[in-house]
Amino acid sequence: MRRTTIMKKQFARVMGYCAWTTQSPKPQKKYRENDEAPRSKYRTVDGRLYLNIAESQYPLPVYDEEEMERLALQHAVFKHFWHGLYSSPITELLHVGGAKVLDSGSGTGSWVIDMSIDFPRSEFVGIDISPMSPTTNLPHNVSFFDCNLLEGLPFAADSFDYVRQGLLFEAFTEQQWETHVVNELVRVTRVGGWVEFMEGYCSFVNPGRVTKRLTNAFSTFLKSKGISMRFEDNLTTYLENTCRLSNISYEEQRIPLGKRGGRFGELALKNLIWTWLALKKPLADTMCISSEHFDALIETFVREATENRTEWRTFRVYAQKTRRNVDSAIDIMTH
Ligand SMILES: C[S@@+](CC[C@H](N)C(=O)[O-])C[C@H]1O[C@@H](n2cnc3c(N)ncnc32)[C@H](O)[C@@H]1O
């Protein structure tokens, strides 16, 4: 079956869940049917698979059918509210063809596949630590690799015209972001190419009381793992500190949650419910509450989001790679 068909099926299934709220239990899913996950790399909590790699702090499930559905849904929500898949000025480059693009932490591969269809003359590569991307019937201009970004990317310096990463802020500690992640992504971008990050984490406009409580618990939990919720400010600093980026730009998109945001607003709310539930164990432990109490909080979160007209803050930061100062100086001296 073609990948796009699979994604459409997943999406249709997710749309079908629209009537679902926290009153009904979450659909119980395990990892992908007929797939045997290499267990040493994963650990199971409440029937869901999480990464089990010493240096990785990534708290969400991976390689898990339910998470793949959530990621497909989230991709559709971002695509809709952002009116497109990227913000960097790369359209012409991709249309002309011959451009190479990297999606770091590509998850289900939805972004890569969508882009490869929009720009058939350019080449798209996805890497992820977890093998969630399709392996067969890929478009001619797509490839995926299993790869832990923290161990370095298997690509030469200056390999890509455009490198992007979406929704990985909680995958890395502040230190990993600063000393490794940003540098590695900039390393594989060619001079003149663009690097872009898209994030949507627990930052809300008009949050209700319970929304604030959940967000605070998330923040405390992440802090205990060395991950900062001040990521938005930090990211710009990390980019500046590479001394290899110019034209650093920031864009924000506020996503209305629930009916007020139409069908996609409802899906955005559902995505957040699924995210909270995927984080239930650590967040309930952080708040010292039972699983049932946590479920009740999620119900209130849904009600509050509608009553308060809560919006979810998402953002993109992108920048252009420049030459090293030392190279520019050598050029001036030799010409
Ligand atoms: C929230 S998902 C986002 C996926 C995709 N970018 C999207 O927008 O749908 C985060 C992804 O990061 C991947 N990931 C986490 N840690 C990683 C690492 N150290 N190296 C590569 N990928 C990683 C996870 O497996 C997961 O697919």
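A nonpolar core, as the term is used here, is a set of buried Ala, Val, Leu, Ile, Met, Phe, Trp, Tyr and Cys residues joined through C-beta atoms within 7 Å. A residue is buried if 20 or more other C-beta atoms lie within 10 Å of its own, exposed if 12 or fewer, and partly exposed in between, with C-beta atoms placed from the backbone.

Good morning, colleagues. The structure before you is a predicted model, in which local features need pLDDT of at least 70 and side-chain atom pairs count only at pLDDT 80 or more, while totals for chains, interfaces and linings use all residues. Residues are numbered from 1 along each chain as its sequence is written.

I begin with the overall picture. The protein has 335 residues, of which 41% count as buried. Its secondary structure comprises 11 helices and nine strands; helices (H or I, at least four residues) and strands (E, at least two) are DSSP runs, numbered from the N terminus. Two residues are in contact if their C-beta atoms, placed from the backbone, lie within 7 Å. Among the contacts with a separation of 6 or more, 74% are between residues 24 or more positions apart.

Let me turn to the core. Which residues touch the most other members of the largest nonpolar core? They are Val101, Val195 and Ala268, in a core of 84 residues. Helix α8 gives the largest share of this core, eight residues. In soluble globular proteins, nonpolar side chains tend to be buried together. Leaving aside neighbours within four places in sequence, Val101 is in contact with residues including Met115, Phe124, Val125, Phe160 and Tyr162.

Tyr162 brings us to the strands. Two strands pair if DSSP finds at least two bridges between them. Strands β6 (residues 160–166) and β7 run parallel and are joined by six bridges, and Tyr162 has Trp194 in β7 as its bridge partner. Together with α5, these two strands make a right-handed β-α-β unit; a crossover is right-handed if, with the strands pointing away from the viewer, the path from the first strand over the helix to the second runs clockwise. Strand β7 also pairs with β9, in the antiparallel sense, over nine bridges. There, Glu199 stands opposite Phe315 of β9.

Next, two helices. Helix α6 (residues 209–224) has 16 residues and reaches 23 Å from its first C-alpha to its last, close to the expected 22 Å; the expected span is 1.5 Å times one less than the number of residues. Thr211, Leu214, Ala217, Phe218 and Leu222 are buried in α6. Seen down the axis, these buried residues fall within an arc of 130°, so they line one face of the helix; the arc is that of the directions from the helix axis to the C-beta atoms. On the other side of α6, Arg209 and Ser224 are exposed. The cover over the buried residues of α6 includes β7, α8 (262–278), α9 (280–287) and α10 (291–307). Just after α6, Gly226 takes a positive phi of about 85°.

Helix α7 (residues 231–241) has Phe231, Leu235, Tyr238 and Leu239 buried. Down the axis of α7, its buried residues fall within an arc of 95°, so they line one face of the helix. Asp233, Thr237 and Asn241 are exposed on the other side of α7. Among the elements covering the buried residues of α7 are α5 (174–187), β7 (189–205), β8 and β9 (311–321). Just after this helix, Cys243 has a positive phi of about 55°.

Strand β8 (residues 245–256) contains Ser249. Why is Ser249 classed as partly exposed? It is so classed because 15 other C-beta atoms lie within 10 Å. Ser249 is 68 residues from Val317 in sequence, and the two are 5.6 Å apart in space, C-alpha to C-alpha.

Asn137, in the loop between β4 (123–128) and β5 (142–146), has a positive phi of about 50° although it is not a glycine. Leu167, in the loop between β6 and α5, likewise is not a glycine and has a positive phi of about 65°. Are these two residues buried or exposed? Asn137 is exposed, with 11 other C-beta atoms within 10 Å, whereas Leu167 is buried, with 20. Finally, Pro61 lies in the loop between β2 (48–51) and α2 (65–81) and is buried, with 26 other C-beta atoms within 10 Å. Beyond its neighbours within four places in sequence, Pro61 is in contact with Arg48, Leu49, Tyr50, Glu67 and Ala278.
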